[in-house]
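Hi there,

Here is the structure I promised to pass on. Have a look at it first, and then read my notes below.

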Amino acid sequence: MLTNTSLLKTYKIPILLVVSCFICYWAFAYRLIRTDYIKLISLYTALFFLFYKLMQMLKHNEKALIYLAFGCRAVFILALPNLSQDFYRFIWDGRLILEGYNPYLNTVDFFMKQAEFPIAEALELRKGMGELNASHFSNYPPLNQLCFAIAALFSSKSILGSVVVLRLIIIAADLGTLYFGKKILLKLQKPTYLIFWYVLNPFIIIELTGNLHFEGVMIFFLIWSLYLLLSQKWMWAAVVFSLSISVKLMPLLFLPLFFQWFLKGDFEKKHHNLESSKNPDYQRTSRSKNIVKLLCFYSIIGLCTMLLFLPFYNSQFINNYATTVALWFQKFEFNASLYYIARAIGYTFRGYNEIAFIGKTIAILVFAVVMGMALFRKNKTSVQLITAMLFALSFYYFTATTVHPWYVATLLILSVFTKYKFPSVWSFVIILSYLAYVNVNQSDKSENLWIISLEYLVVYGFFIWEVFLKSNKKPAV
């Protein structure tokens, strides 16, 4: 009894913080309406404060952090997402597959107009996902669709049941990210507790586990692939990388950045000794072999990705999918930064929104910057490679027409393996994007640009300070 009392006294503050953490997550999951902005911001801020203090106190007790991280996720198990409607489309697509339909061939509204309800709870799902989602073709890649189909397999007539299955898949992916993330940190000779800046972050718990965004599954495969690559298992790394692409297309952006790592960096160094490296003939032969390996790496990724898309292939699928993906460059706008400045300039000189032109220009600019980073920036070491991935994706999001909150998750996991913290800051202020809509649940989806400006003032301010102005800054890696 005395031992228990002593234990309580010793860990009184951490226990109090943990209990407060669970209470806040419960309130967020079951007692929050998205339009209750004061409560939303208050809970989110409180959770970040608790997260920061617990990381300070328990960073050397990783077992406790693991229990806490997944205990917090368990709070959401029976909750319907309250900050996103996307899960209704996930359930719709999964049930369509189970009924033998190709989810890429028809919009939800197509079935509604035909008064055809091919799945259970069709009307409820259509109402829940909203007009925007229902009027467009599905854009979720095949492995993502497999997750939706698994949810339908276990719960084909209950929305909540499907939500529980989807949530368990995402939680399992987070567990995998924790496992391989720690292994990468060990390889980089960094403290393994750093992975909890991702795994325990309230933004990750709320956006992925809470709101059911499958960036968590994509990130799991991406981190697994990086671990295999750092372990010199490049063929398996290519296979797993293709799985990441088949959940979300975003990892395609990283492909050019592997060029130097294969030809000049850690991969090349692992395959010859010091004496042989001084031999010019050996260097030429080694370089040729590494070029072949790089091309094989890309080929395996391409082949595996195509094989995963193959079950859904037909000419209509290609057209529908390309049309839907193009919307992110030609029509959709949300929580942008530099794009909104370009749009304002377009309005000033042209008198109308030039998103079609600006979107295409942004795509070309991002491609050029990534290729420039691949060819001219030092990406030879593992840390340099991951840092290049962080900056390439950051540049894309800084210029993109649409930056949903959950997109920042990939920046956050990459930053764990580098010295940069600006994604952590962004993961906190990104909550402001939920306040930006002037008219929620109405046809007018205008954003409050003052709120968006505040978000990016903080993000860019910290980014510029950390990357360019930090007084004790060492040369970038």
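**What I found**

Ala120 sits in the loop between helix H6 (108–113) and helix H7 (122–134); helices here are DSSP runs of H or I with at least four residues, strands are runs of E with at least two, and both are numbered from the N terminus. With a relative accessible area of 28%, Ala120 is partly exposed, where buried means under 20% relative accessible area, exposed over 50%, and partly exposed in between (1.4 Å probe, protein chains only). Ala120 and Thr361 are 241 residues apart in sequence, and their C-alpha atoms are 43 Å apart in space.

Before the rest, a word on how to read this: it is a predicted model, where local features need pLDDT of at least 70, side-chain atom pairs count only at pLDDT 80 or more, and totals for chains, interfaces and linings use all residues. Residues are numbered from 1 along each chain as its sequence is written, and side-chain values use heavy atoms, with hydrogens and water left out.

**The chain overall**

The chain has 24 helices and 0 strands. Its C-alpha atoms fill a box of roughly 75 × 70 × 50 Å, taken along the principal axes. What radius of gyration would a compact globule of 477 residues have? It would be near 23 Å, and the chain agrees because its own value is 23 Å; the radius is taken over C-alpha atoms, and the globule rule is 2.2 Å times the number of residues to the power 0.38. Of the 477 residues in the chain, 55% are buried.

Helix H21 (residues 382–399) has 18 residues and reaches 26 Å from its first C-alpha to its last, close to the 26 Å expected at 1.5 Å a residue. That expected span is 1.5 Å times one less than the number of residues. H21 is mostly covered, with 17 of its 18 residues buried.

Helix H5 (residues 86–98) agrees with the rule too, because its 13 residues should span 18 Å at 1.5 Å a residue and its end C-alpha atoms are 19 Å apart. H5 is also mostly covered: 11 of its 13 residues are buried, among them Phe87, Arg89, Trp92, Asp93 and Arg95.

Is Trp236 buried or exposed? Trp236, in helix H13 (residues 234–245), counts as exposed because its relative accessibility is 59%.

Phe367 belongs to helix H20 (residues 355–376) and is exposed, with a relative accessible area of 55%. Phe367 and Leu253 are 114 residues apart in sequence, yet 8.2 Å apart in space, C-alpha to C-alpha.

**Backbone angles worth a look**

Most residues other than glycine have a negative phi. Gln189 is not a glycine, but has a positive phi of about 60 degrees. Gln189 is in the loop between helix H9 (159–187) and helix H10 (196–199), and is exposed at a relative accessible area of 74%.

Leu212 is not a glycine either, and has a positive phi of about 60 degrees. Leu212 lies in the loop between helix H11 (202–210) and helix H12 (215–230). Leu212 counts as buried because its relative accessibility is 0%.

**Cysteines**

How many disulfides does a search of the whole structure find? The search finds 0, a disulfide being a pair of cysteine sulfur atoms within 2.5 Å. For Cys21, the nearest cysteine sulfur is that of Cys72, 4.1 Å away. Cys21 counts as buried, at 4% relative accessibility. For Cys304, the nearest cysteine sulfur is that of Cys296, 12 Å away.

**A pocket**

The second largest pocket holds about 310 Å³ of space. On a 1 Å grid over the protein atoms alone, a pocket is an open set of points where a 1.4 Å probe fits, with protein on both sides within 12 Å along at least five of seven lines, and lining residues have an atom within 4 Å of a point. Grid points are joined across faces, edges and corners, and the volume is the space filled by probe spheres set on the points.

Of the 16 lining residues, the closest to the centre of this pocket are Leu194, Trp197, Tyr420, Lys421 and Ser424. Helix H3 (37–58) and helix H23 (422–429) each supply at least two residues of the lining.

Best wishes
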